[in-house]
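Subject: Structure handover

Hello,

Here is the structure we talked about. Please open it alongside this note; the findings follow below.

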Amino acid sequence: MKRIVLLASATLLGLAALPVQAQSPSTLRIGLQEDPDMLDPHKARTFVGRIVFMGLCDRLVDIDPELKITPRLATEWSFSGDGLTLTMKLRTDAKFHDGETFNAEAAKANLERAMTLPDSLRKSELASVESVSAPDPATLVFKLKRPDATLLAQLTDRAGMMLSPKSLGPDITAKPICSGPYQFVERVQNDRIVLEKFKGHWEAANYQFDRIVYRAIPDTTVRLANLRAGELDMLERLAPTDVKSAKADKSLKIESTANLGYQGITINTGHGDAANQPMGKDKRVRQALSLAIDRKVLSQVVFEGLYEPMIQPFNPGNQYLSAAFPVPARDVAKAKALLKEAGVAKVSVDLFVTNNPVDAQLGQVIQAMAQEVGIDVQIRSTEFASQLRDQQQGKFQMSRIGWSGRIDPDGNIHQFVTSKGNQNDGKYSNAEVDKLLDEARTIYDVAERKKRYDAAQKMLQDELPIVYLYNQTVFFALRSNLQGFVINPDGMIRLSGLKRS
């Protein structure tokens, strides 16, 4: 307890040391659970990075709380009868933070960069696009290789975010120049990102704060202490263990929504030397790990029972969720039998977790459960950006990580388990899974698409490149005088309409 108080005091002192203007009434201060990775939408992959991009970079389209696709930089759109051409009409009053005009040529430059940059993580999201053209400044045309039921949903996020074409160089992450309602001021790694209002934004009147300060505070207790002390205005991902006390605090208000994504353990099955161990090589060892974990107990012990146990990449209530794969009961005897069948009496494996109290406890519970069946889990804790970097480079055996989710089911599965998926960090490969998930992208009928997902899941549930654990309810905590926050299932913080009473 003494350590927690000291940490909170140190963080408060750090906040107090910020410039006076960052403490003015027109500044909104948001607490993030991690420090974002690079501020380049074509290369980024963190959840908190998406939150920052919501203020920094406009998108072609957005989603509303009912998950309907809505206009943003694109005002209207239509597909051709054969589904191979998407035509968008664009705003003519939007500008980038450097004063350059947003138009179809600028959008074309962004999309082509996202599709061709060697380390772009948007390639698989835009894999159906053959070419992009700009017949006039207000018209953008996508020519597709095949029909793509996922494309509009992809453009609501980083694939559809716009950077100034003049800024598209190697130093872009040092000072990203976008077209959003706020422009970049500074970044202090593992501390803060500061944005200020862009007065030239086409919707500037809807944004009431002059300045946004995003603070990276991984310790959930310290983050809440800063909110209660008035040093933050809101925070994302309030820990479930703090929900009850925060709801009882009259100076705060709590909002929550079921997340669109999943949380689980990604396993290295084919990426470099780290995959050359029993967990990576033998599906029976992975099956034993999954059976060792009691997902209901995990939720109760770590998350106060507030997170829904799951073993699929689709969130509860999703129309693509399959009844064929219910959450299994823990089965220690069967897990031990699987290890014996695999020819290993005892397995030792590393598990990466993020260095925050919640993930640390989660790792410890998994470690204890796995130990009972003969799997010795060695926990490796690191900050989130380092964890992602090591994953991408194949320097991991298992990693406790999740995905914030997308409105189209493809966004929760394709890029993580297909052979060329940009976020398939474990390099799992199955030609039949590739075929089924590629087909699902071309099908608009829900029942027909679901057949492909069900068939792919049957193989994935057997081979377990990802061991799914639970669906995360996202809790936001706000100062009671903050008004206008509209919660959205994607877990993003949209700054439009936010103000202090």
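Start with Asp-157, which is buried at a relative accessible area of 6%. Buried means under 20% relative accessible area, exposed means over 50%, and partly exposed is in between (1.4 Å probe, protein chains only). Asp-157 sits in the loop between helix 4 (151–154) and strand 8. Leaving aside neighbours within four places in sequence, Asp-157 is in contact with Arg-50, Arg-59 and Arg-406. Contact here means heavy atoms within 4.5 Å.

Two notes on the source. This is a predicted model, where local features need pLDDT of at least 70 and side-chain atom pairs count only at pLDDT 80 or more, while totals for chains, interfaces and linings use all residues. Residues are numbered from 1 along each chain as its sequence is written, and side-chain values use heavy atoms, with hydrogens and water left out.

Helix 2

Arg-50 is one of the buried residues of helix 2. Helices (H or I, at least four residues) and strands (E, at least two) are DSSP runs, numbered from the N terminus. The buried residues of helix 2 pack against strand 1 (27–32), strand 8 (182–188), strand 9 (192–197), strand 10 (211–216) and strand 11 (234–236). At the start of helix 2, a side-chain oxygen of Thr-46 comes within 3.1 Å of the backbone nitrogen of Gly-49.

Cavities

How many cavities of 30 Å³ or more are there? The count is 4. A cavity is a set of points, on a 1 Å grid over the protein atoms alone, where a 1.4 Å probe fits but cannot get out; lining residues have an atom within 4 Å of a point. Grid points are joined across faces, edges and corners, and a volume is the space filled by probe spheres set on the points. The largest cavity holds about 540 Å³. It is lined by 43 residues, and the closest to its centre are Gln-263, Phe-384, Ile-401, Gly-402 and Trp-403. Helix 2 is among the elements that supply at least two lining residues each, as are strand 13 (262–267) and helix 12 (384–392). By class, the lining has 20 nonpolar, 14 polar and 9 charged residues.

Salt bridges

The count of salt bridges is 39. A salt bridge is a side-chain nitrogen of Lys or Arg within 4 Å of a carboxyl oxygen of Asp or Glu. Three examples follow.

- Arg-215 pairs with Asp-191, with the closest N and O atoms 2.6 Å apart. Arg-215 is in strand 10 and Asp-191 in the loop between strand 8 and strand 9, so the pair ties together parts 24 residues apart in sequence. Arg-215 is buried at 5% relative accessibility, and Asp-191 is buried at 17%.
- Asp-462 pairs with Lys-283 (2.7 Å, N to O). Asp-462 lies in helix 15 (residues 446–463) and Lys-283 in helix 8 (residues 283–292), so this pair ties together parts 179 residues apart in sequence. Asp-462 is partly exposed at 30%, and Lys-283 is partly exposed at 33%.
- Glu-439 pairs with Lys-435 (2.9 Å, N to O). Both lie in helix 14 (residues 431–441), 4 residues apart, about one turn of the helix. Salt bridges that share partners join Lys-435, Glu-439, Glu-448, Lys-451 and Arg-452 into one network.

Best wishes

Conventions
A polar contact is a pair of N or O atoms within 3.5 Å; within protein, one must be able to donate a hydrogen and the other to accept it, and residues adjacent in sequence count only if both atoms are side-chain atoms. On a 1 Å grid over the protein atoms alone, a cavity is a set of points where a 1.4 Å probe fits but cannot get out, and a pocket is an open set with protein on both sides within 12 Å along at least five of seven lines; lining residues have an atom within 4 Å of a point. Ala, Val, Leu, Ile, Met, Phe, Trp, Tyr, Cys and Pro count as nonpolar, Asp, Glu, Lys and Arg as charged, and the others, Gly among them, as polar.
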